[in-house]
2 protein chains.
Amino acid sequence: MATIDDVAKVAGVSKGTVSSVFSKKRPISKQVTERVLEVAKDMGYFPNHVARSLAIKKTMIVGLKMPISKESTMSGFEIQMINGVIRECSKQGYRVLLDSLPEHDDPTQFSIDPIDGVIMLNPRKHDPRIDRYNQMNIPLVLIGRPDPEDASVCYVDNDNTNVSFQVGEYLLQNGHSSILFLNAADDMTVSTDRQNGLYEAITRHGKPLSSVHVVNYSRKHHSHATDYGYSALKAIYGKHEFTAVITDTDRVALGVLRAARELGIDIPGDLSVIALSNDATLAQEITPKLTSVELSAERLGAEAAQILIQKMNDLSVVQQRIIEARLVIRESCRKLI
Amino acid sequence: MATIDDVAKVAGVSKGTVSSVFSKKRPISKQVTERVLEVAKDMGYFPNHVARSLAIKKTMIVGLKMPISKESTMSGFEIQMINGVIRECSKQGYRVLLDSLPEHDDPTQFSIDPIDGVIMLNPRKHDPRIDRYNQMNIPLVLIGRPDPEDASVCYVDNDNTNVSFQVGEYLLQNGHSSILFLNAADDMTVSTDRQNGLYEAITRHGKPLSSVHVVNYSRKHHSHATDYGYSALKAIYGKHEFTAVITDTDRVALGVLRAARELGIDIPGDLSVIALSNDATLAQEITPKLTSVELSAERLGAEAAQILIQKMNDLSVVQQRIIEARLVIRESCRKLI
DNA sequence: CTGAAAGCGCTTACAG
DNA sequence: CTGAAAGCGCTTACAG
């Protein structure tokens with residue numbers, strides 16, 4: 001590959017001039033510009049991004065720290081979020097680096113990514129990576145709330161407690177007083193939030209907490225989301241009594257529906273289903289159409305990117321945004337009263 | 001951020017030594033190693049990836065050139081492919097840079113990405129980017145066949161012609177002799193391949209090409225895949241006669257199913273549906289379960305990454321792999337004879 | 001086992 | 001409007 005030096009030499013100018021032609025950071029006469037551009041084209045010269053990054057100390061790349069999942073593939077929620085991140089970053093001229101490399105303990109192996117900032121999905125409780133990014137002085141925005149709460153870290157999140165509170169309210173008002181909750185994995189802050197929200201709704205209605213039977217997703221026991229819904233319902237139905245099931249995602253609901261079909265359970269006749277989900281398209285295409293919560297995953301991603309880009313330009317920026325989620329009533333839930 | 005120089009100074013060694021402690025490329029005595037590591041930790045030093053990349057002329061990053069789609073979000077096929085790419089790259093220590101920046105005409109704006117190689121999804125006909133990467137000396141692997149054929153470019157692909165040939169055969173053997181084909185957009189090589197395959201099956205059975213009515217997806221007319229299936233069936237049903245419909249993807253089939261429900265068409269009683277698809281999970285959860293083609297999108301992605309990594313280590317590598325696809329018979333198709 | 005120094009390919013004050 | 005030179009933070013022969 002031709003370098004800026006080669007071009008400068010052939011065009012008979014200094015490399016500062018070649019640099020300026022490409023960066024347009026200082027004016028270069030029309031003649032020189034044209035000559036340089038022509039030579040560059042002839043030689044197949046393209047500015048080297050890495051060298052440029054080193055010189056200006058910016059890469060124009062945003063890192064996206066994915067949850068560490070070796071086997072499982074991305075969920076619909078994650079995908080939409082990523083779409084949002086990509087869209088916003090592209091719009092502002094940033095590239096996106098997917099960081100899905102496993103965590104290393106060896107400090108020797110821990111090299112800093114070539115990024116100007118990072119968006120981290122689904123932080124865990126007391127996530128050590130938050131401190132590490134701070135220490136490295138890399139602007140960080142979380143998608144999902146930090147736990148414990150920390151007023152200095154940027155994040156966007158749904159109000160998950162409120163989401164499940166609303167769902168609980170809705171079910172209780174419709175006469176469902178025993179509920180199966182197929183929640184997410186228990187090491188995620190979102191799981192706790194949701195469980196609390198649901199409990200709150202139940203308590204308000206003067207029902208015992210035992211009205212809800214909570215199950216958590218486990219990577220060990222379930223190969224994927226749909227399988228989770230399918231095998232959980234099959235395992236539990238008959239053992240516990242419930243008239244409604246709340247699922248982690250629409251995919252889980254899909255599994256529940258299949259198990260119900262096989263068990264001869266009519267939905268929503270015998271059992272109501274609500275998905276804490278996101279994929280509006282899918283929910284609408286399923287029969288019966290799925291009553292579900294619209295989480296606006298794509299907006300979460302886009303707004304996280306927005307905040308991050310702001311913060312990269314002004315380190316003092318701190319923003320914490322709650323994206324509204326809303327319950328969309330469709331056909332998979334019925335009134336008992 | 002502390003630099004290698006700072007650490008060297010404080011630890012009282014040369015920066016070459018610090019470098020060696022981290023890269024392990026030459027042996028450093030235990031005492032020195034420990035001292036350097038301790039100082040580094042105290043100072044919060046992490047090797048700068050960009051500077052390192054410039055020095056060794058490698059970034060350990062693989063670029064993933066996405067199709068240029070401003071509005072639409074990634075399809076299930078793309079997502080699985082990306083999953084495959086990420087998985088394989090992670091395994092081999094590579095990061096993945098999503099390149100979804102719009103193409104620029106301005107040569108001045110065209111900077112080379114900080115990548116060691118690139119995987120490009122869905123090349124278009126006579127795709128100019130192929131030459132450009134060659135010119136830049138960046139190893140390239142396509143997912144999808146180059147058109148025109150070029151023995152020097154690496155790619156992985158399904159045998160799309162054969163896939164639709166098989167689907168055509170299957171339908172014809174089951175007595176379907178008029179078919180609606182909701183194909184992909186017409187500027188993609190895959191569309192042409194599929195159409196040819198289907199035509200071949202029809203010709204072999206001595207039927208006229210008019211037995212199949214081909215529609216192409218259009219970004220203008222359809223907001224997304226499901227909508228495409230939905231509105232296409234609604235628009236065409238009754239105007240043309242057909243007993244079976246082949247859809248581009250499972251999402252399109254979902255739209256067809258919804259339209260059918262609204263039109264009072266029983267599937268597969270009145271109309272058979274086959275999806276040229278990928279998402280096995282989804283296909284199995286839909287009622288009726290979808291007869292579909294398993295394209296192994298994830299494998300496509302993983303093998304593309306594998307080939308690319310080989311090629312990055314040995315530029316002379318040229319591989320063209322066809323990933324087998326197979327028709328999975330489920331419930332959405334019936335025999336007419 | 002360790003150090004001094006050149007080099008990777010850019011950018012950017014500084015000077016004219 | 002343009003050039004010369006230092007600097008970005010690493011790696012790597014070369015020498016000892």
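1. Start with B:Asn48: one of its backbone N or O atoms sits 3.2 Å from a phosphate oxygen of DNA strand D. That is a polar contact, meaning a pair of N or O atoms within 3.5 Å. A:Arg26 goes for a base instead: a side-chain N or O atom is 2.5 Å from a base oxygen of DNA strand D.

2. A caution on the source: this is a predicted model, where local features need pLDDT of at least 70 and side-chain atom pairs pLDDT 80 or more, while totals for chains, interfaces and linings use all residues. Residues count from 1 along each chain as written, chains are lettered from A and ligands numbered from 1 in written order, and side-chain values use heavy atoms, without hydrogens or water.

3. Around DNA strand D there are 27 residues, and the closest include A:Thr17 and B:Lys15; "near" here means a heavy atom within 4 Å. They split into 13 nonpolar, 8 polar and 6 charged, with Gly counted as polar and Ala, Val, Leu, Ile, Met, Phe, Trp, Tyr, Cys and Pro as nonpolar, and Asp, Glu, Lys and Arg as charged.

4. Helices here are DSSP runs of H or I, at least four residues, and strands are E runs of at least two, numbered from the N terminus.

5. UniProt's unreviewed entry puts an HTH lacI-type domain at residues 2-56 of chain A; such annotations may be inferred. That stretch is 71% helix and 0% strand.

Notes
Polar contact = N/O pair within 3.5 Å; in protein donor to acceptor, adjacent residues only side chain to side chain.
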